[in-house]
Amino acid sequence: MPPASTDANNAIQKLYEVCRASLSEKGPLSPPDYSLDNVRAALDMVTPSDVGLEREAGAVRAWRSPRAALGRKRIFHSSPAIRYRHIYECASFSIGMFCMPASSIIPLHNHPGMTVLGKVLYGAAHVRSYRWIESAGSSINLSKARPAKVVRDGEMSAPCGAMVLRPEEGGDVHALRAITPCAVLHILTPPYSSQDGRHCSYFRRRPRSHPSGVLLNRTGGSEFVWLEEYQPRHNFIIRRDLYTGPALKL
C-alpha cells in the first residue's frame, strides 16, 4: 500500500487538533455551538483515504457490479462481525471508526450525557434515533421501560456531512444498520467512562403485542415507543481492528 499523502496526514491531524482546542472533559467548550461547528467542519474534511480506508471505499463504489465480486471478497472480512478501529482517546474526547459489513446492525444504545459527532466515510447506513420523553431535569431509570420519540429515521450515504447528536436535543439513543458495507467515523465528547457514570446500555422496543408498545400522537402524527434495556444476542460482536491510517502527532 502506498504511503499516506501529506493531505491525508493533515486531515486527521487537523481533526485531532480542533478537538483538542474545542472539547473538554465536560463536552464542547463555551460557546458550544461554535466549538461543535469547528469540530464538524474538520470532520467533514476527512475522507476514507485520510484514515487508511481507500481500498474499502473503492470496493463499495463498485458494490453492485458483478465484476467486483471477487475484489470484494479479497478486501472485506468474511466475518459478519463489526470492527472498531481506535484512533485516539483522552479524558475529553475519543475518535474511532466502525467498519460494518452489509446488513450488520449496532442495536439501539445510548451515550448518556455525551455529544456524538458521526460521519459515514463510505457506503450507506440507516440511522434511527430517539429522545426520552421526560420533563426537564428528571432522571431516567433504565431498569424500566420508558417512552421515547423518534427524532431521526433515515439513510446516510457517503459522501455526506457529519451528524451531531446532543443530549439536550435528543437522539442520544440510536441504532445503525449497514445498507452496504460502510465505515462510520465518530467522535464522543466526553468519552464513555464507567467511573463517571457514562457507560453503554442497549435497548429494544417492547413487543407490539404489549398494550403500551406503541403510542401515537394524534395531533402531530409522531410515533412514540416504549424502550426497555436488554442484553444483545450473543452473536452481536464488535471486534478490535488495526487502525491503518496516519499516526497522530500528539
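**Figure 1. Accessible surface and overall make-up of the protein chain.** In this predicted model, the protein chain has an accessible surface of about 13,400 Å². Carbon and sulfur atoms account for 51% of that surface. The chain comprises 250 residues, of which 48% count as buried. Its secondary structure consists of four helices and 15 strands. Considering contacts between residues at least 6 apart in sequence, 76% join residues at least 24 apart.

**Figure 2. The open sheet of six strands.** The strands follow the order β9-β6-β11-β4-β3-β15, and their pairing is mixed. At the edges stand β9 (163–165) and β15 (238–241). Each of these two has a single partner strand, so one side of each is left without a neighbour in the sheet. From one strand to the next, the twist averages 25 degrees.

**Figure 3. Pairing of strands β4 and β11.** Strand β4 covers residues 94–100 and strand β11 covers residues 182–189. The two pair in the antiparallel sense, over seven bridges. I95 is found opposite I187, a residue of β11.

**Figure 4. The aromatic pair Y16 and Y88.** A pair of aromatic rings is described by the distance of the centres and the angle of the planes. The count of aromatic pairs comes to six. In the pair shown here, the ring centres of Y16 and Y88 are 5.0 Å apart and the planes stand at 75 degrees, so the pair is edge-to-face; the angle for this class is over 60 degrees. This pair links distant parts of the chain, since Y16 belongs to helix α1 (residues 6–22) and Y88 to strand β3 (residues 82–89), 72 residues apart. Both Y16 and Y88 are buried.

**Figure 5. The aromatic cluster of Y16, Y88 and F93.** These three residues form one aromatic cluster. The rings of Y88 and F93 have their centres 5.3 Å apart, with planes at 40 degrees, so this pair is tilted. Y88 has a relative accessible area of 13% and is therefore buried, the limit being under 20%. F93 also counts as buried, at 1% relative accessibility.

Definitions and conventions. Residues are numbered from 1 along each chain as its sequence is written. This is a predicted model: local features need pLDDT of at least 70, side-chain atom pairs count only at pLDDT 80 or more; totals for chains, interfaces and linings use all residues. Side-chain values use heavy atoms; hydrogens and water are left out. Rings of Phe, Tyr and Trp (its six-membered ring) pair if their centres lie within 6.5 Å; planes under 30 degrees apart count as stacked, over 60 as edge-to-face and the rest as tilted. Buried means under 20% relative accessible area, exposed over 50%, partly exposed in between (1.4 Å probe, protein chains only). Contact means heavy atoms within 4.5 Å. Accessible areas come from the Shrake-Rupley method with a 1.4 Å probe; for residues, only the protein chains shown count as cover. Two strands pair if DSSP finds at least two bridges between them. Axes are lines fitted to C-alpha atoms, for helices over the stretch in contact, and angles run from 0 to 180 degrees between N-to-C directions.
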